[in-house]
Amino acid sequence: MNQPPVSSATPETPGSGGAVFLAWAFVGIPLLWGVSQTFIKALDLFK
Amino acid sequence: MAEASLLDRSRTVAGPGYNRWLIPPAALAIHLAIGQAYAFSVFKKPLGALISGDPAAPAAADWTPTQLGIIFSIAIVLLGLSAAIFGKWLERVGPRKAMMASALCFSGGFFIAALGVHLHNLWIVYFGYGVVGGIGLGIGYISPVSTLIKWFPDRRGVATGMAIMGFGGGAMIASPLSVALMDHFKTSGTGTLGVAATFLTLGVIYLLFMQFGVWTIRVPADDWAPAGYVPNPQHSALITSSNVSADNALKTPQFWLLWVVLLTNVTAGIGVLETASPLIQESFSDAVMGAGRGVTAAAAAGFVGLLSLFNLLGRFFWSSASDKMGRKTTYAIYFGLGILLYALIPTLGRNTQLALYVGVACVIISMYGGGFATIPAYLSDLFGKYQVGAIHGRLLTAWSTAGVLGPLIVNFLHESRKAEGFTGAAAYQTVFYAMAGLLVVGLLANFAVTAVNEKYNEKGPVKAEPGGH
């Protein structure tokens, strides 16, 4: 038996978009650096 | 005491308007850190030459590769055990306290291991990186999962895929970072080939990095749901609106079927990952391809790197796709397509079709990663959100089992074929056929998954985290 939809969501706080961007940058930049290093290494397979 | 209270679940309930897209980066901060475990192999050569000082010529008193391999094995076994043991505790105290415990254990493991390296005492390294660090791995791995599912009931696969993608990506950061740090400290003359100083530095870096996750994570209020959220829009019998406790989940056949699903998918994937470098070098050697045209050690390292990338991408791609296709269908693809591709690999090796061989291996590994990332959403569909973190933790014992079983099967079959006189791609033929056979078992187990019997459901409404303060 499905429960009825519950929606107590309120609009996100103004300015939280900036915080989201910074948060993603904090984890995204090291991840992209690691991926790029791995990609460069992977290119050896095609030399 | 004030510090402790900041970690309590009650202090992490999000206020109105909190942006849920802040939660995946918080989860990624933990998973990117603990994903370092998969890069531990970069320390094996220097750790095996601490006495001689020359990785190319270890002394008799130096630690052997077998002794050093045990460090990683202990960590992975402890990952599974601690995820299973601490899962219910995590659901009770909330994600922030669990993430802090993970950060302290994981970085503490590095500090203890650094002491072990400095004293050249392998037991201290086993205890530090293996036991203490391994507990940090287990708690950290499951700490954000149930929180993500609660924030993203409409996109469970996307949410858990993003976090678990981080575990795949962590090694990509840690590997070049560790090499750079060792090079720096080696030339600085800190001794131990720079390993002890690198362990200390990594411990500090990860402790700080994980704090971002600790202090950013929030749990939604009990009555929160995304705007316009409609539960189970696909009207699938496999998506429940009820809740099953972690203890009751163990009594259901569904839990054990998914245990087999995870075990077979991971064991098969490890079969490729464990052997990737020697596999491609032996299958496409100069003797097979012609002088100067064989796959070199550097190219094989590139192959391993490519597999890591597809492992990472698969975690996000397949898990996100499972939101649309349904979990059971997604696993049917992992197994059905996997059986075909594993059975095809030996033929591609015999026919020296290198590009196709690489492409097929990449798809296989993407589904290996996808299997890890999709399982929390599958559990949440079947057992509800109530104690999904704890149930996930218990299911991860399948990973620990696969970590032991996979290399054992692969090495046994490969050595047996070599003893029969087979070389190159032919020496790996039975490995791939055996893995395809394992996937048949997984396919059948997945096929047998049905909705959980209502007798296991919690009676009445449940609080998201019982016992939370």
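Thr267(B) lies in helix H11 (residues 253-283) of chain B. Helices here are DSSP runs of H or I with at least four residues, strands are runs of E with at least two, and both are numbered from the N terminus. The model is predicted; local features need pLDDT of at least 70, side-chain atom pairs count only at pLDDT 80 or more, and totals for chains, interfaces and linings use all residues. Residues are numbered from 1 along each chain as its sequence is written, chains are lettered from A and ligands numbered from 1 in the order in which they are written, and side-chain values use heavy atoms, with hydrogens and water left out.

Thr267(B) is buried, at a relative accessible area of 0%. Buried means under 20% relative accessible area, exposed means over 50%, and partly exposed lies in between (1.4 Å probe, protein chains only). Beyond residues up to four places away in sequence, Thr267(B) touches Ala402(B), Leu405(B), Gly406(B), Ile409(B), Met435(B) and Leu438(B). Contact means heavy atoms within 4.5 Å. Gly168(B) is 99 residues from Thr267(B) along the chain, and their C-alpha atoms are separated by 17 Å.

Chain B as a whole contains 18 helices and 0 strands. Its radius of gyration is 23 Å, close to the 23 Å that the globule rule gives for 469 residues, so chain B is as compact as a globular protein of that length. The radius is taken over C-alpha atoms, and the rule is 2.2 Å times the number of residues to the power 0.38. Along the principal axes, the C-alpha atoms fill a box of roughly 70 × 50 × 35 Å. Buried residues make up 58% of the 469 residues in chain B. Of the contacts in chain B with a separation of 6 or more, 83% join residues 24 or more positions apart.

Accessible areas come from the Shrake-Rupley method with a 1.4 Å probe; for residues, only the protein chains shown count as cover. Chain B has 28 positive and 20 negative side chains, with the centres of the two sets 6 Å apart. Lys and Arg count as positive, Asp and Glu as negative; His and the chain ends are not counted. Each charge is placed at NZ of Lys, CZ of Arg, CG of Asp or CD of Glu.

Chain A has 1 helix and 0 strands. Buried residues account for 21% of its 47 residues. Chain A exposes about 3,300 Å², of which carbon and sulfur atoms supply 73%.

Helix H2 (residues 23-34) of chain B has 12 residues. From first C-alpha to last it reaches 17 Å, close to the 16 Å expected at 1.5 Å a residue. The expected span is 1.5 Å times one less than the number of residues. In H2(B), 12 of the 12 residues are buried, so the helix is largely enclosed by the rest of the structure. Among them are Ile30(B), His31(B) and Ile34(B). The buried residues of H2(B) pack against helix H1 (16-42) of chain A, and against H5 (95-119), H6 (122-142), H7 (145-151), H8 (156-187) and H9 (195-216) of chain B.

Gly140(B) is found in helix H6 of chain B. It is buried, at 0% relative accessibility. Outside four places in sequence, Gly140(B) is in contact with Ile30(B), His31(B), Ile34(B) and Ser102(B). Gly140(B) and Ala103(B) are 37 residues apart in sequence and 7.6 Å apart in space, C-alpha to C-alpha.

Two arginines were examined next. Arg11(B) lies in the loop between helix H1 (2-7) and H2 of chain B. It is partly exposed, with a relative accessible area of 45%. Leaving aside neighbours within four places in sequence, Arg11(B) contacts Ser5(B), Leu6(B) and Arg96(B). Arg327(B) belongs to helix H14 of chain B. At 8% relative accessibility, Arg327(B) counts as buried. Its contacts outside four places in sequence include Arg156(B), Thr374(B), Tyr378(B) and Asp381(B).

Backbone angles complete the description. Most residues other than glycine have a negative phi. Leu193(B) has a positive phi near 55°. Leu193(B) sits in the loop between H8 and H9 of chain B and is buried at 16% relative accessibility. Thr352(B), also not a glycine, has a positive phi of about 50°. Thr352(B) is in the loop between helix H14 (327-350) and helix H15 (354-383) of chain B. At 31% relative accessibility, Thr352(B) counts as partly exposed.
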